[in-house]
Amino acid sequence: MAKITESILLEKGLPKTNKLDQVKSLNLSRMSLKKQDLPVPLLCKLSSLEQLDLSGNMLQELPAGLYLPSLRLLDCSNNNMEDVTSLEALDNLEELRVEDNLYLTVNDEHKVIFLLPRLRRFNGKDIRVMADHIHCVNDEILKKRVIALWEKDFSLPSPLTTQSLSTVEKKFVNAACFQVKYGPSSLNEYTKWRVAMIAKEYLKSLTDPLMEVDNNSPGTPVAEEEDELRLSNRVNLPAHIVTQSPFKKKRSEPLASEVESPRKRRALSGEPAAAAGPRRSIRLAAASPIEAVPRNTSQNSPTNLASPRGSKRTIRETASEESPRTRSCPQTTQQKAAKVHVGPRKAVPAPGSLSARGGTSETPKKNQKEKPTAQKGKCAYTPTKAENGTPKKTITYQVPQEPACLQPLHVLQCHSRQDSPEDFSTQLWACAFEPQQQSGDSSGWTQTVATCGGESICVIDCESGHVLKKYKVPGEMFYTLAWTTVLMSREGTCVRPCSVLAAGGTRGVVRLIHPRANLAYGKFRVGRRPISILRFCPRRGNFLFTGTYDKKIVMWDIGGLDRDYNFKTSQLLVLQTGSTPLHLCLPPSSPDTHLLAGCDSGLYSFDIQLSKNTQKRTDEMEIVFTSYKESKTNDCHTIDGLSFLTDDVVASKSPTQGSIYLWSWSGTRASQRGQQKEVPAQILAELQWSSTDIPYLSLNTCPSFGYVVCGDEDGRLWTYHISDSVTATFKTGKVPATEVLKWPCPIRAQGGQVEGTSINSVAMDPELHYLVALSDKNMVVIWKRAMN
């Protein structure tokens, strides 16, 4: 049955009448309409329609042939709009609303302003000045540059035939799209789109007097969907702190009608953070962008990408939007970025600096002295045999017997929208240290951590507290990131290792960044739903696992890089999960054969051997815990923390559990009988943790120090030093935390102490020099191990 009929149009239209051509206002919002549900012949009878509300539907574009000559106001907000060129026929529009359309960017905004010459208001803002700039200044400059390119490098073919003209046109359009530049790099997609149109129009104007050219369609460059990615080197970002809200915020999701975000937050009990004694101040400073090199990659398909070398360009950082789902309009004028020398932190406090109170531990072990570092970080490589018979290497760490002494070093507020000192709503979700390398371009940088939250990714030097790089994608919300090392071709046959950062979020796109070169060199789409987790294979750095909200994990090969940053991706495996994957772990002893996936509905093991022919697989077993039987809700099935402590020992947790399990991977596998699906975990120990029921507070491990760390709802960090002496107490009850690091209680410069807030993610470098914790209120807390 048709969703839209004449009777429905008359019922929902105003003024009330029995004739369609007398309807002036029509409300078709929240009807789950798709493109095919809009009957064009029937809608075209609305010749007097002035206002049309299509908000809250599932439209990706408007149907072809829709013509409403009197339409002045159109509301397409909260849809799935991907193509704004379908609005071109509505050339009398004066006001348009397209907020909360996840896949629209600032490039689409410029396109629609160009296509609708009478448009005066866009998403509630007066855009007449911007429209004048786009139609006059911008267009004139592009036309001059396109014509100059033609006169310099091209001429009409002789003899003039349709075939020869088509060849020249293709070369001319491609050259114009590649060589003609204007405006910020965030508008590259719009510039290419408009330049292609201008090039075709200009060539047609040259040939019309000579021959009839078949060119009825508007020129569209052969270009992929591109989102704007802003890069900048950053130092001394502003840090301003206020008190927390008593309630937790839900993690935003792109399409409320399709996706339920796993990052839900329950209300806190309102229990205040414990008071503490004084500490030295925690320093922060103001921000300043510097020159960077953008890199945009062509995306023809999710499995075949190429990244042409681009020219060096100064990038400015633009303001973020009010909501993670609402994009802001960048200024039409360019802002010249200043080069800034990144130097050591000065001793003089900068505006907005914080002081810290408290941070005393809850056990006396914090003041115990450590053994020298040389005895702690050693690891031996022992060759073993994997299940497929190929030689493997196992890492055995010499765990120190004394716990680490960790002290707060910096509190950074570097993910603020518009660098606002009042932004305490941006939730930070993932952090990871850059991997250490033995050669190549990555000597040093052993204290570099990447963090993500909101629309930005930051690369931070832990020692100085400097934000070295900052990457922004307006409208995106980043949930996860991961480092890897790939090989990059140099001159001749020479190759070098290259540290690459991958990040993903609500748009379902993996973005690949080479921070050392200031290059966001590529991206590829993994699906329509948000990306919840990324994980690289530690043995094969080009193998990437992506977990998404559409309940599946995909294994990709992203390959290496050539000297121009060209790369290709291919899809290797699809693993079906019954719910959203939250954490992925590859057993250190067998990363080529098995994958552990902590999901909203449980913990699953997958066979990922590529030697098998099946490309789509389900789990080979579900690992279950005793807490499942003790709980009356299904919340305990959610695995919101998962990490290997050794080659065999796994740390995992569930919300409402009040503890962290340490269990044996090999023992659990050995207990599986035949095709048994549900296999009980072989529990080694239970670590006492917070009794909070707030989910998605993830844990992490540092194998070389035998450390497990997990944050709680009050900003505290529960640390567990699993030494030989602690191992001896296993099976004797819950193991208490070695130390609970209290929230540093930073003080805002204007006054007011910041109460503890939930710690969503933690990370440690391999030698435990630094511990980084991400809060739910836009704060990055860096702790440092005291050295003897």
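Buried means under 20% relative accessible area with a 1.4 Å probe, protein chains only. This is a predicted model, where local features need pLDDT of at least 70, side-chain atom pairs count only at pLDDT 80 or more, and totals for chains, interfaces and linings use all residues. Residues are numbered from 1 along each chain as its sequence is written, and side-chain values use heavy atoms, leaving out hydrogens and water.

- Helices are DSSP runs (H or I, at least four residues), numbered from the N terminus.

**Nonpolar cores**
- The largest nonpolar core has 46 residues; Leu28, Leu52, Leu62, Leu74 and Leu96 touch the most other members. Such a core is a set of buried Ala, Val, Leu, Ile, Met, Phe, Trp, Tyr and Cys residues joined through side-chain atoms within 4.5 Å.
- Elements giving two or more residues to this core are α1 (6-12), α2 (40-43), α3 (106-115), α4 and α6.
- Helix α3 gives the most, four residues.
- Another core lies apart, with 23 residues, including Val500, Tyr521, Trp556 and Leu561.

**Cysteines**
- The whole structure holds zero disulfides (cysteine sulfur pairs within 2.5 Å).
- The closest cysteine sulfur to that of Cys452 is in Cys431, 8.4 Å away, too far for a bond.
- Cys452 is buried at 0% relative accessible area; Cys537 is buried at 4%.

Conventions. Buried < 20%, exposed > 50% of the residue type's maximum accessible area, 1.4 Å probe, protein only.
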